[in-house]
Amino acid sequence: MELAQYFTDPDRPTFLEFGKLVNARLVKRCGLGILDLPDQDYSSYHEDWDGTKEHANDIADEILEGEGFDFDEDWDF
């Protein structure tokens, strides 16, 4: 499956953009992408997303924390 297939929804035109931003942050932080990690409630995350890259990064970090990744506070990209 491709990221575009997973996040394409005609009723939510920004869903793919959101998925790409979150995926990029995940890969940068841990080397794993959305399709590598256990499923998340991306629909709810997307509904809460304010449309900024910064918030997408925060969501990605929240996902990683929920999956047990423990990053030092000083380690930020």
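Is Gly19 buried or exposed, and what is its relative accessible area? In this predicted model, in which residues are numbered from 1 along each chain as its sequence is written, local features need pLDDT of at least 70 and side-chain atom pairs count only at pLDDT 80 or more, whereas totals for chains, interfaces and linings use all residues. Side-chain values use heavy atoms, with hydrogens and water left out. Gly19 has a relative accessible area of 0% and is buried, where buried means under 20% relative accessible area, exposed means over 50%, and partly exposed lies in between, for a 1.4 Å probe and protein chains only.

The chain holds 4 helices and 0 strands, helices being DSSP runs of H or I with at least four residues and strands being DSSP runs of E with at least two, numbered from the N terminus. Read from the N terminus, the order of elements is α-α-α-α. The radius of gyration of the chain is 12 Å, close to the 11 Å that the globule rule gives for 77 residues, so the chain is as compact as a globular protein of that length; the radius is taken over C-alpha atoms, and the rule is 2.2 Å times the number of residues to the power 0.38. Along its principal axes, the C-alpha trace spans about 40 × 25 × 20 Å. Of the 77 residues in the chain, 32% are buried. Among the contacts with a separation of 6 or more, 63% come from residues 24 or more positions apart, contact meaning heavy atoms within 4.5 Å.

The interior is described by a nonpolar core, that is, a set of buried Ala, Val, Leu, Ile, Met, Phe, Trp, Tyr and Cys residues joined through side-chain atoms within 4.5 Å. The largest such core has 16 residues, and those with the most contacts inside it are Phe18, Val22, Leu26 and Tyr42. Helix 1 (3-7), helix 2, helix 3 and helix 4 are the elements that give two or more residues to this core, and helix 4 gives the most, with 5 residues. Once neighbours within four places in sequence are left aside, Phe18 is in contact with Phe7, Tyr42, Tyr45, His46, Trp49 and Ile59. Gly19, which lies in helix 2, is in contact with Leu3, Phe7 and Ile34 when such neighbours are likewise left aside. The C-alpha atoms of Gly19 and His46 are 8.4 Å apart in space, although 27 residues separate the two in sequence.

In helix 4 (residues 53-66), 14 residues at 1.5 Å a residue should span 20 Å, and the end C-alpha atoms are 20 Å apart, which agrees; the expected span is 1.5 Å times one less than the number of residues. The buried residues of this helix are Ala56, Asn57, Ile59, Ala60, Asp61, Ile63 and Leu64, and they pack against helix 2 and helix 3. Asn57 counts as buried because its relative accessibility is 16%, and, not counting residues up to four places away in sequence, Asn57 touches Leu21 and Arg25. Just after helix 4, Gly68 takes a positive phi of about 95°.

The loops also supply contacts to the helices. Trp49, in the loop between helix 3 and helix 4, is buried with a relative accessible area of 10%. Beyond its neighbours within four places in sequence, Trp49 is in contact with Thr14, Glu17, Phe18, Leu21, His55, Ala56 and Ile59. A polar atom of the Trp49 side chain lies 2.8 Å from the backbone oxygen of Thr52.

Gln40 is placed in the loop between helix 2 (15-30) and helix 3 (42-48). The side chains of Gln40 and Glu67 are joined by a polar contact of 2.8 Å, a polar contact being a pair of N or O atoms within 3.5 Å in which, within protein, one must be able to donate a hydrogen and the other to accept it, residues adjacent in sequence counting only if both atoms are side-chain atoms. Arg12, in the loop between helix 1 and helix 2, is partly exposed, with a relative accessible area of 22%.
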